[in-house]
Amino acid sequence: MIETNQPAPDFTLPSTAGDDVTLSALRPAPVALFFYPRDNTSGCTKEAIAFSHLLEEFATAGVQVFGISKDSMKSHGKFVEKQNLTVPLLSDENGTVCEDYGVWVEKKMYGKTFMGIVRSTVLIDADGNIARTWPKVKVDGHAEEVLEAAKAL
């Protein structure tokens, strides 16, 4: 996973909010990126809902929040609609951003090895540097923890 105090890799990805999002264009706003494995799975749904519920508080703190997975925009659209999500989701179908941030890793489940996204969050400061990382996130209470760290920026 990417380390703190280094520049956040820039990217441009399509968003469920309707426009492409370019990370560097968001400055000087701090940004929280939560990387998640897959739309409409239990942990990912719970995490996206938690960030959606806190989106207004993030906005009050001046922090923009985005969820990123390798799912297509079509999948993201269905996920947003089904779960009434307010947090914008970005589609990294080719996986470049996931690789740049070090969240595309080898995983093991039921004795099988495969590549996938490890649930992780990155907080980027107003200068575009990595302020904090959360590798291997446990969903319960995570969005609240990110919000508290974001308020301290």
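User: Which residues does His142 touch, not counting residues up to four places away in sequence?

Analyst: Contact is defined as heavy atoms within 4.5 Å. By that rule, His142 touches Glu47, Phe51, Thr121, Trp134 and Val137, with residues up to four places away in sequence not counted. This is a predicted model, in which local features need pLDDT of at least 70 and side-chain atom pairs count only at pLDDT 80 or more, while totals for chains, interfaces and linings use all residues. Residues are numbered from 1 along each chain as its sequence is written, and side-chain values use heavy atoms, with hydrogens and water left out.

User: Where is His142 placed, and is His142 buried or exposed?

Analyst: Helices (H or I, at least four residues) and strands (E, at least two) are DSSP runs, numbered from the N terminus. His142 lies in helix H4. As for accessibility, buried means under 20% relative accessible area, exposed over 50%, and partly exposed in between (1.4 Å probe, protein chains only). His142 is buried because its relative accessible area is 3%.

User: How many salt bridges does the structure hold?

Analyst: Side chains of opposite charge can pair when their charged atoms come close. A salt bridge is a side-chain nitrogen of Lys or Arg within 4 Å of a carboxyl oxygen of Asp or Glu. The structure holds four of them. One joins Arg119 to Glu47, with 2.9 Å from N to O. This pair links distant parts of the chain, 72 residues apart: Arg119 is in the loop between strand E7 (112-117) and strand E8 (120-124), and Glu47 is in helix H1 (residues 42-60). Both Arg119 and Glu47 are buried.

User: Which residue forms a salt bridge with Arg132?

Analyst: The partner of Arg132 is Glu145, and their closest N and O atoms are 3.0 Å apart. The pair connects strand E9 (residues 130-134), which holds Arg132, with helix H4 (residues 142-151), which holds Glu145, 13 residues apart. Arg132 counts as partly exposed because its relative accessibility is 34%; Glu145 is partly exposed at 36%. Another salt bridge, at 3.6 Å from N to O, brings together Glu148 and Lys151. Both lie in helix H4, three residues apart, about one turn of the helix.

User: Which residues touch the most other members of the largest nonpolar core?

Analyst: A nonpolar core is a set of buried Ala, Val, Leu, Ile, Met, Phe, Trp, Tyr and Cys residues joined through side-chain atoms within 4.5 Å. The largest one has 23 residues, of which Phe34, Phe51, Phe58, Val65 and Leu89 touch the most other members. Strand E3 (31-35), H1 and H4 are the elements that give two or more residues to this core, and H1 provides the largest share, six residues. Another core, of 22 residues, lies apart from it and includes Leu13, Leu23, Phe35 and Val103.

User: How many aromatic pairs are there?

Analyst: Rings of Phe, Tyr and Trp (its six-membered ring) pair if their centres lie within 6.5 Å; planes under 30 degrees apart count as stacked, over 60 as edge-to-face and the rest as tilted. The count is six aromatic pairs. Among them, Phe11 and Tyr101 are edge-to-face, at 6.4 Å centre to centre and 75° between the planes. Elsewhere, ring pairs link Phe34, Tyr36, Phe51, Phe58 and Phe79 into a cluster.
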